[in-house]
Amino acid sequence: MGRLFNIKQLKLINKYALRDFSRSYKKLWVVTSTLFVSLLLLSLTFSIKEALNSEIENNSKELLGGDIQVDSDIDPLPSAVLQKLNNLGKVSSTIEFATMLSKKGESPVFTELRAVDNNYPLYGEIETLPQGASQKIFSSSQKPAVLINESIQKLLKVGVGEDVVIMGQKFEVAGLVSSVPDLAESAVFGEFAIISMDSYEKFGLSSGGSFLDHKYRIKFSNLDKIQEQESIVNSIIAYDDRIKTRLPGQSGRSLNRVIDNFSNFLNLVSVSAMVIAGIGISNTLLSFINQSNTSIAVKKSIGFPSSFIQTMYFYEIILILIMTSVIAYLIGVFSPLMANEFLPAALGINLQPSFSLLGFLNIFFIGLLVVLIFSIPSLYSISEIKAASLFRNTFNPVSLNFSFKNIALLTILVLFLTAYFVLQTNQKLYTVLYFVSFFGTMLIFYGVSRLLMALIKRSYKFSNNSYRIAYRNIVAKKSLAPIMTISLGIGLTLLLTLSFVANNLKKEISDSIPSLAPDLFFVSIDKDVKADLESYIKKIDPGADIEFSPMASASFISINGTPIEEVVSQNNRSAWVVRGDRRISWSEKPKPDNPIIEGKWWEPGIEDELYISMDSRAAYDLGMKINDKIILNILGRDVTGTIMNFREVDYRDISINFAVIINKAFANKLPYEYVGTLKSELPSSEILAMVVEKFPNVSAIKIDRILKQVSEVLNKVFIAVTAISLIVIIVGLIVIVSAVLVQTTFRRYNNLIYKILGVDFPTILKAMTMEFALIYGTLILFALSVATMSSFLVVENALQLTWHFDFGLALWILVSTAVVSFILILLANRSIFSPKVYPLIRNE
Amino acid sequence: MLMLMAGLEKPTSGQITYQDRDITSYSEDKLTDFRKKNIGIVFQSFYLIPNLTALENVLLSLEANQQYGLEKDAENLLTEFGLSHRMHHLPSELSGGEQQRVAIARALINKPKIILADEPTGNLDSANSESMIDLLFDYTKKSNTSLVMVTHDSSIAKRCDRIIEIRDGQIV
């Protein structure tokens, strides 16, 4: 392909390629099918991601619920400030807090309750069943009403018109909330309810303590000067650092992050599938070239240069790429309509298909890079076909051309493909690591196949016909070993790794955590109620294990004089510790389950100095050091403290843990409340029901319910992830079947000779089984080793859990893959089992 | 010997000259060009391209030489060779004799200066052999083309102007 062609030659290439393609398309089905499957996965990922992002962008005001949102956390805005905001447009006030919803005879439900005023929502609508039920919560003539979501309805077994109790006050269920315009995660995944602001104030529900969250959304009267009005809002609230604003563009950030992470995973799986498809392309193309060797030699003898023939075949591959990428892209374009069916209705998201030329070119370009990488060694083998062979009437099969020039070209293309993916993702390091491991694993599996061939050559040659045939097939030049090891090895490694990680995580949530975790987690307990609550629980169950910790709210202002926003990036793993309000606690002595790993604990009784103990992992992520000076804003007052030590905090058991602990003597001056945990032999639902009845303002989370929810979500995610990674195995199997099919002529000939020599069908079948068992056995040894190592690294380091090996799971995956692969290989080989003798005798 | 004459192989020693030009020093590209312009090859096993029709196989030779729009010439030549009714058939649909006639037409269509024929009748029965040889000799004579033929058949060899007998790699 090294020389340039003139227009007439290009036309000729086009004519020959089209003619050859239309008459040989059956031989290219592997290239077509594997390319299509991997491009389709890529296209679906891109299209759905684009549709989600554009939906979030187009509905950013609905998702935020206003043109701007002011968040004042625990304290409401002073009325003077509120008045100033009212001058800018329509203001909607909401208060969010966690409380218990109960019904006689049912276990109370920990609920995210939102109190809203008459202006809510400023954008979009609350969708309810029955329709218009949202108006009932504002009606003053009727008894107080609440809108609940479907999850509460199921847990409390409560219907529309029935009563539920919130903090001792009866509310009638006016309807079910199916979606709210401003994204409420609890509306989708947890328990969520809405009452009116009037009810909230009238019944004094403001005992949410430090968990109250006041939000004010504004719809500007003048939409022409939005930026100017945003500045006015910022100047109005500038008097207090703790009051923050949010703009519509920031409303879907957490959702965007989830979408980015998941689509990045899908992209990597797609490109893995595509690279394995590339192996199939390379193999199919090479066998196609070998089958066409006389035609190529004739063309050369007539005067066509190798470059012309190479370009012609490459053009055919490009035609396939164009066709498959167009179809895959078109399916991808309309996939958001299908995705709508699977998205939770409460999200209120309606994805729309959208066509973009750039989107198509993106998919085509990735496909082109993969096709180039894998077709170059095959196409350059054309130069090894000599026209002189036509006189000798013998043709030696050509092999992949890995000249120095080709290796350099391939390296550049692989680097380019990696860079292209890396530039498109936010997780650049992970993407680079994935590509390095992927290509590294490919090389390992290639090495494994060569090792198997070398070992078999050196091993004892059993006097068994089946073994001898299997041996010859494995060590033969056209052995299935390399292609089967690489194609199946990569997919199997990916599937095993993901399954091991998922299984370890599921085990942790279903077995380890429940055995350590408390049954109930009390939030925001008034300090005046704490003693009564404790004694009441002790009365119910004297053996109950109860632990309470004091708690106050604080926010990080600076580290060593540098504002916290400048020190910590948005992507920092521990940014959550210093972002916004953080609950802190205090203690005179270190907790036994929080060992100090650096620094010293403070002397008791020092009231005037603020000493800080930090979670060691957060401190490491945030670049904190012992003796660093931290400014914390505690209840509106900036206080400078010194970091005295780092603790190793294990959050896994869901006991009371704080990232930040301060000295008790200093904290004694602060107003505070309590959080607590309870572990009891009695059913937690019964204790909770009794506690909520006696103390209506106490809220508690049932840990088993949370673990069940997390487990359900994780199960769904891992089923999806495993199903997607199966695509890599499917593509691998197509590649293996194609490799088997292209060898059928060669194998049929061999079997024919064996048949003439007296070898029967069972011997040939046994030989095939042995061949498969030897190759598969070797590849699973390495797939299992790589998967075990990588899952161990992920589980122990990234997830910080204890890694366990699940023999049953590994066996199930390996056996089922073996069965499917072997059946497919047998089916692909069915024509070689009973070859006819006469073609050999007639020299056909 | 034919491979060397066609410029498909390079000699380990000695020279091959064509019209006083030493072709052994030619590059691969120049040899390809030389072959396109001067040489037509007829093989013992015909070597037609299986997925091209008889006409397309003949046109292939013209197109390799960047001569386009000469379908009529190819059709005329095939008609002259008695294949007017087989032009649009694939090689698998032709008899051995018909296939070899297409192969000869492919070698001649470009009006080469030399035809190299490697046992052109080796795969044919005697009746087909005779008509094939007649065709080859008549046409080369008519078009003033040199014919270099390798054959084991002494009756065919006798029809040539010059015979070089090679036995065990040596000129006898």
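1. Among contacts in chain A between residues at least 6 apart in sequence, what percentage join residues at least 24 apart? In this predicted model, the share is 81%. The contacts concerned are those with heavy atoms within 4.5 Å.

2. The secondary structure of chain A consists of 28 helices and 21 strands. Its C-alpha trace extends over about 100 × 65 × 55 Å along the principal axes.

3. Chain A has 844 residues, and 54% of them are buried. The accessible surface amounts to about 38,400 Å², with carbon and sulfur atoms contributing 60% of that area.

4. As to charge, chain A carries 78 positive and 72 negative charges. The mean position of the positive charges lies 18 Å from that of the negative charges.

5. At the local level, strand 19 of chain A (residues 660-663) deserves a comment of its own. Strand 14 of chain A (residues 581-587) runs parallel to strand 19 of chain A, and three bridges join the two. Strand 16 of chain A (residues 610-615) is likewise joined to strand 19 of chain A by three bridges, but this pair runs antiparallel.

6. Which residue of strand 19 of chain A is the bridge partner of Ser585(A)? The partner is Ile661(A). Ser613(A) also stands opposite Ile661(A).

Terms used
Residues are numbered from 1 along each chain as its sequence is written. Chains are lettered from A and ligands numbered from 1 in the order in which they are written. This is a predicted model: local features need pLDDT of at least 70, side-chain atom pairs count only at pLDDT 80 or more; totals for chains, interfaces and linings use all residues. Side-chain values use heavy atoms; hydrogens and water are left out. Helices (H or I, at least four residues) and strands (E, at least two) are DSSP runs, numbered from the N terminus. Buried means under 20% relative accessible area, exposed over 50%, partly exposed in between (1.4 Å probe, protein chains only). Accessible areas come from the Shrake-Rupley method with a 1.4 Å probe; for residues, only the protein chains shown count as cover. Lys and Arg count as positive and Asp and Glu as negative; His and the chain ends are not counted. The place of a charge is taken as NZ of Lys, CZ of Arg, CG of Asp or CD of Glu. Two strands pair if DSSP finds at least two bridges between them.
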